[in-house]
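Here are a few exercises to work through with the model open beside you. Try each one before reading its solution.

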Amino acid sequence: MTARHLLRFMVLVMGVAAWAITLEAPAHAHGGGTSATNWLSRVTDAPDLDGVAWRVEGGDERLEVRNTSSRPLIVRGYDGEPYLRVGPDGVWGNARSPATYLNTDRLAAVDVPARADAEAQPVWQKLSSEPVWIWHDHRVHWMAPEPPPQVTEADGKRVTVLDWSVPFRYAGEDRAVRGQLDWVPAPPFWPWVVAAVVLLTPIGALGLRSRPRADRWPGLAERPAWLLAGVATLGLLVPASRLLASADPWAALIGPVLPAVLLAVLGLMGARRALRSDYAGFVALGLGSAMVLAGVGLLQVPDVLRSQIPAVLPFTVVRILVACAIAQALPVLIAAVLGTRLLQPAAEV
């Protein structure tokens, strides 16, 4: 593989990653369990009850209640009927509640069976032995694929879309947990990439400080290779932190996470081989850089363009890692192309 072929391959990888981004972007725009979103739904007022805690997971995706007290808590459905019972004997769902079926889809795009009747006596079915449950509650998020007009009119500023309330019954009293749904645009991402380029390019360029003789190329290969290895290793924290932050089954995470992990591992392998500082090593260095650029960098761009990222790592840390994964391509590409040019094997006669 010549330097020209290497450059073409990197452009191809970038194109494939960009195509993948266009496929993922619509889902990322309005949340979906493992997707980033600009929606932020949060609890603003909850009764002070020992052992009872409420939170919203995934920006605006799911409502969670945890009840470790000795008394059961009954969550009301959309018609005021008993929907969930959470308490010391675990979690029970009412099979006659319409909410049981409507909550299986974020936008309630389901057919409610005829047996669902909010006026009927509850038919409790055990869902879990643990006193905690998380579910799509349509009262805590926006019920449409597109945001409402006030978001467009906000001109890129944070705006409150609605105040919500979820009623429940505890210790013989009717209560409610209340919250607020906001649209929170993310700050621009390009300054992070520019800062990463400014930081990483001089590091990779240290290998170019001497005359380009074949016996000096080890100094050129070693620094960008270790740079790439570090970025690939740290970049794996991004998909890993998404796994840890999500309540979805592992199978649902294979699509967005596994490709990034595999490509980052390939990038790390390419960097390791590049330490040999021969022609094949420089080819591996370039290919590995392209993989890190795609798997840890470009494929994560739809996430960092949103304000709410489903990850254990802080928002700023995720953005730094993704920016570095993109910026590492410049110094490593320079080293890889120059290395393959100078060390290209002689043509066989």
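**Exercise 1.** Work out the strand order of the open sheet and find its edges.

Solution. Start with the order: 7 strands run β1-β10-β9-β4-β5-β6-β7, with antiparallel pairing. (Strands are DSSP E runs of at least two residues, numbered from the N terminus; two of them pair if DSSP finds at least two bridges between them.) Next, the edges: β1 (39-45) and β7 (124-128) each have a single partner strand, so one side of each has no neighbour in the sheet. Neighbouring strands here are turned by 30° against each other on average, direction ignored (axes are lines fitted to C-alpha atoms).

A quick note on the source: this is a predicted model, where local features need pLDDT of at least 70 and side-chain atom pairs count only at pLDDT 80 or more, while totals for chains, interfaces and linings use all residues. Residues are numbered from 1 along each chain as its sequence is written, and side-chain values use heavy atoms, leaving out hydrogens and water.

**Exercise 2.** Zoom in on the β6 and β7 pairing.

Solution. Strand β6 (residues 90-94) pairs with β7 in the antiparallel sense over 4 bridges. Now pick out G93: across from it in β7 is Q125.

**Exercise 3.** Which residues does V132 touch, leaving out those up to four places away in sequence?

Solution. First locate V132: it's in strand β8 (residues 132-135). Then list its contacts (heavy atoms within 4.5 Å): E64, V65, R66, V86 and V91. Finally, take E64: it is 68 residues from V132 along the chain, yet their C-alpha atoms are separated by 7.2 Å.

How values were computed. Axes fitted to C-alpha atoms, helices over the stretch in contact; angles between N-to-C directions.
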